[in-house]
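Subject: Structure handover

Hello,

Here is the structure I promised to pass on. Please open it alongside this email and follow the residues as you read.

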Amino acid sequence: MGDGKGADSLLAKSWHDSAWIPILNQSNVMDYFSERSNPFYDRTCNNEVLKMQKLGIADVQLQNMQGTEFILLHVQEPILYVIRKQIRHSPTQVTPVSDYYIIAGVVYQAPDLGTLLNSRITSAVSHLQSGFEEARGYSKYHPSKGYWWDFGKDKEKVKKVSAAKKEEPSSTFQRRRVDMLLDQLTRQYPFKMLTPPSLETKAEEGGEGGAGESEAGEKGAPDSEEANIKTETGIKRERDKDLGPEPKKMKMEN
């Protein structure tokens, strides 16, 4: 924990013991943290000395000792516990070294302020550098024109980037789970084809009306022919009345 490389390596690590998680509480969280397989625990601390001497670990006994110690700083049962590593110089003077938080039984090391600032500054500088490099690609120069910005290739780059990005395939568990849920919902709520009642009544009325009209049309076909014949004969008679009787032919005498 003393050198920077060791601290950086621990920041990327986590530890847990599945046997302890169901029974983890405020009274035994320090015993859980002091497990030998925990890489965050220091074997040379005062807590381990008291534990080896079987004197019990109490705040009063730790305050009377000097050196490295671990204390339970904050508790938010049943999910969050914060443990601090500090160096005690006197009963009233301590120097914090690092904090560790336990979430749902998993132990992590909290980053210190220097590591946090270093990470944020490095990330910001990286983004600025990539932005300047991209802007440099749009800058063009010609002796007769001078400098100008050319964003014509911007769309092509966007298309290439979008084509390069592929959607991450789903896992086997996700596919099986989704298929199972869809099958369950399909069985529980089967799909029904519903027809509006207004359309059904219109279709029935239209069918009956069409059938009646067809029958009437078939029956009325001869009647229409007879009516046409009668009208033609009536027109001829009226025409004859208007013209009058046909003139008699005169016989020529020799």
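Start with Glu69 and Arg88. Their side chains meet in a salt bridge, at 3.0 Å from N to O. A salt bridge here is a side-chain nitrogen of Lys or Arg within 4 Å of a carboxyl oxygen of Asp or Glu. The pair links distant parts of the chain: Glu69 is in strand 2, Arg88 is in strand 3, and they are 19 residues apart.

A word on the source. This is a predicted model, in which local features need pLDDT of at least 70 and side-chain atom pairs count only at pLDDT 80 or more, while totals for chains, interfaces and linings use all residues. Residues are numbered from 1 along each chain as its sequence is written, and side-chain values use heavy atoms, with hydrogens and water left out.

Back to the pair. Is Glu69 buried or exposed? Glu69 is buried, because its relative accessible area is 0%. Arg88 is buried too, at 9%. The cut-offs are simple: buried is under 20% relative accessible area, exposed is over 50%, and partly exposed is in between (1.4 Å probe, protein chains only).

The two side chains also make a polar contact of 3.0 Å. That term means a pair of N or O atoms within 3.5 Å; within protein, one must be able to donate a hydrogen and the other to accept it, and residues adjacent in sequence count only if both atoms are side-chain atoms.

What else does Arg88 touch? Leaving out residues up to four places away in sequence, its contacts include Leu62, Met65, Gly67 and Val94. Contact means heavy atoms within 4.5 Å.

Now look at strand 3 itself. It covers residues 80-90. Helices (H or I, at least four residues) and strands (E, at least two) are DSSP runs, numbered from the N terminus. Strand 3 is mostly covered, with 8 of its 11 residues buried.

Two strands pair if DSSP finds at least two bridges between them. In general, strands of a sheet pair through backbone hydrogen bonds, either parallel or antiparallel.

Take strand 2 as a partner. Strands 2 and 3 pair over 9 bridges, in the antiparallel sense. They form a hairpin with 3 residues between them. Glu69 has Gln86 as its bridge partner in strand 3. Thr68 has Ile87 as its bridge partner there.

Next comes strand 4 (residues 93-103). It is antiparallel to strand 3 and joined to it by 10 bridges. This is a hairpin as well, through 2 residues. Ser90 stands opposite Gln93 in strand 4.

How many salt bridges are there? The count comes to 4. One of them joins Lys85 and Asp42, with the closest N and O atoms 3.8 Å apart. Lys85 is in strand 3, whereas Asp42 is in the loop between helix 2 (29-33) and helix 3 (46-52), and the two are 43 residues apart. Lys85 is buried, at 7% relative accessible area. Asp42 is partly exposed, at 21%.

Arg84 and Asp99 form another, with the closest N and O atoms 2.9 Å apart. Arg84 lies in strand 3 and Asp99 in strand 4, so the pair ties together parts that are 15 residues apart in sequence. Arg84 counts as partly exposed, at 22% relative accessibility. Asp99 is also partly exposed, at 22%.

Now the surface. Leu113, Leu116, Leu117, Ile121 and Val125 make a nonpolar patch of about 480 Å². Patches are made of residues with over 30% relative accessible area and no salt bridge; like charges are joined within 9 Å, and nonpolar side chains (Val, Leu, Ile, Met, Phe, Trp, Tyr) within 5 Å. Ile121 sits in helix 5 (residues 113-138). It is exposed, at 54%.

Last, the totals. The protein has 8 helices and 7 strands. Of its 254 residues, 16% are buried. Its accessible surface is about 20900 Å², and 56% of that belongs to carbon and sulfur atoms. Accessible areas come from the Shrake-Rupley method with a 1.4 Å probe; for residues, only the protein chains shown count as cover.

Best wishes
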